[in-house]
Amino acid sequence: MKKNTKINLLLLLAVAALAVLPLALGLGDHKEEPFTGADGEAETAITEIEPDYKPWFSPLYEPPSGEIESALFSLQAALGAGVLAYYFGLRRGRRQGEQQAREQDTEESTAERA
């Protein structure tokens, strides 16, 4: 087995463990909503510390339900991943094109010398 394959398998196992262990160990069972985001946790902490706190501004758009909010968040993540994948693919393609051009130039120069 290649070194890269071993590393990829270990990383995949680590990610799977990070996803499954909190569920299997029952972390967050004592909470009403065990796996809320950091925004919800921060809001709860702020209201506990300062009950009269008023936010500086309100959201531009408030989704009508949690499902729509989750869907918009997933769409945002997918678009971000798509932009990153496009960028890295474009970069790799340019690098491969430059390498092929260099190889072609060396082949032509050796053919001219012969």
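Start by selecting Leu60: its relative accessible area is 92%, so the residue is exposed. Keep in mind as you click around that this is a predicted model.

Now for some charge. Select Glu103, Asp105, Glu107, Glu108 and Glu112, and you have a surface patch of negative charge. Zoom in on one of its members, Glu112, which belongs to helix H3. Is Glu112 buried or exposed? Its relative accessibility is 68%, and exposed means over 50%, so Glu112 counts as exposed.

Last stop: the rings. How many aromatic pairs does a search of the whole structure find? The count is 1. Select Tyr87 and Phe88 to see that pair, with 5.3 Å from centre to centre and 65° between the planes. Why call the pair edge-to-face? Planes over 60 degrees apart get that label, so the 65° between Tyr87 and Phe88 qualifies.

While those two are selected, colour by accessibility. Tyr87 has 45% relative accessibility and Phe88 has 47%. Partly exposed covers the range between under 20% (buried) and over 50% (exposed), so both Tyr87 and Phe88 count as partly exposed.

Notes. Residues are numbered from 1 along each chain as its sequence is written. This is a predicted model: local features need pLDDT of at least 70, side-chain atom pairs count only at pLDDT 80 or more; totals for chains, interfaces and linings use all residues. Side-chain values use heavy atoms; hydrogens and water are left out. Buried means under 20% relative accessible area, exposed over 50%, partly exposed in between (1.4 Å probe, protein chains only). Patches are made of residues with over 30% relative accessible area and no salt bridge: like charges are joined within 9 Å, nonpolar side chains (Val, Leu, Ile, Met, Phe, Trp, Tyr) within 5 Å. Accessible areas come from the Shrake-Rupley method with a 1.4 Å probe; for residues, only the protein chains shown count as cover. A salt bridge is a side-chain nitrogen of Lys or Arg within 4 Å of a carboxyl oxygen of Asp or Glu. Lys and Arg count as positive and Asp and Glu as negative; His and the chain ends are not counted. The place of a charge is taken as NZ of Lys, CZ of Arg, CG of Asp or CD of Glu. Helices (H or I, at least four residues) and strands (E, at least two) are DSSP runs, numbered from the N terminus. Rings of Phe, Tyr and Trp (its six-membered ring) pair if their centres lie within 6.5 Å; planes under 30 degrees apart count as stacked, over 60 as edge-to-face and the rest as tilted.
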